[in-house]
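Here's a quick look at aromatic pairs and helix packing. Have the viewer open while you read.

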Amino acid sequence: MHSPRSDEPIYWLLFGAGGMALAIVVPSILLVLLAAGFSSPTVDSGLLNFTQVKGLLGNWFMALCFFGTVFLTVWHACHRIYHTLHDLTVHVTKLHWFVFYGLAAALSFALLGLQFLIYCKLF
């Protein structure tokens, strides 16, 4: 007799990858952005201006890396909040599951849509 397969390992895999992104990738990106931000007093000049950021996100590879980082970070945060509610003895229901994972999906699709607009030069 086989027990039904669980989809929980996929969620924990994404949770672990999001934790790794939060621990390694996000601080590195913030450090680079902080250094670039100090290079100029305004956002119109220097290393970090609007046109260069749009050009950077218009590259398909950089857009994919940015999307992956944000997707995994949002997934990690929503998964952590969902399971923290359980640890705080809040009775979690299927509605909580849909709210938290739906929020992660909605934010990811919104970012994907914004990146598509930037890639097509509509934004």
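This is a predicted model: local features need pLDDT of at least 70, side-chain atom pairs count only at pLDDT 80 or more; totals for chains, interfaces and linings use all residues.

Residues are numbered from 1 along each chain as its sequence is written, and side-chain values use heavy atoms, with hydrogens and water left out.

H3 and H4 pack at about 165 degrees, axes 9 Å apart (lines fitted to C-alpha atoms over the stretch in contact, angles from 0 to 180 degrees between N-to-C directions). That makes them roughly antiparallel (over 145 degrees). Helices here are DSSP runs (H or I, at least four residues), numbered from the N terminus.

Tyr101 in helix H4 (residues 94-119) pairs with Trp75 in helix H3 (residues 60-87), 26 residues apart. Tyr101 also pairs with Tyr82 in helix H3, 19 residues apart.

| Pair | Centre to centre | Angle between planes |
|---|---|---|
| Trp75 and Tyr101 | 5.0 Å | 35 degrees |
| Tyr82 and Tyr101 | 5.7 Å | 55 degrees |

Rings of Phe, Tyr and Trp (its six-membered ring) pair if their centres lie within 6.5 Å; under 30 degrees is stacked, over 60 edge-to-face, the rest tilted. The Trp75 and Tyr101 pair is tilted, and Tyr82 with Tyr101 is tilted too. Trp75 and Tyr101 are both buried (under 20% relative accessible area, 1.4 Å probe, protein chains only).

Definitions and conventions. Helices (H or I, at least four residues) and strands (E, at least two) are DSSP runs, numbered from the N terminus. Buried means under 20% relative accessible area, exposed over 50%, partly exposed in between (1.4 Å probe, protein chains only). Angles under 35 degrees count as roughly parallel, over 145 as roughly antiparallel, 65 to 115 as roughly perpendicular and the rest as oblique.
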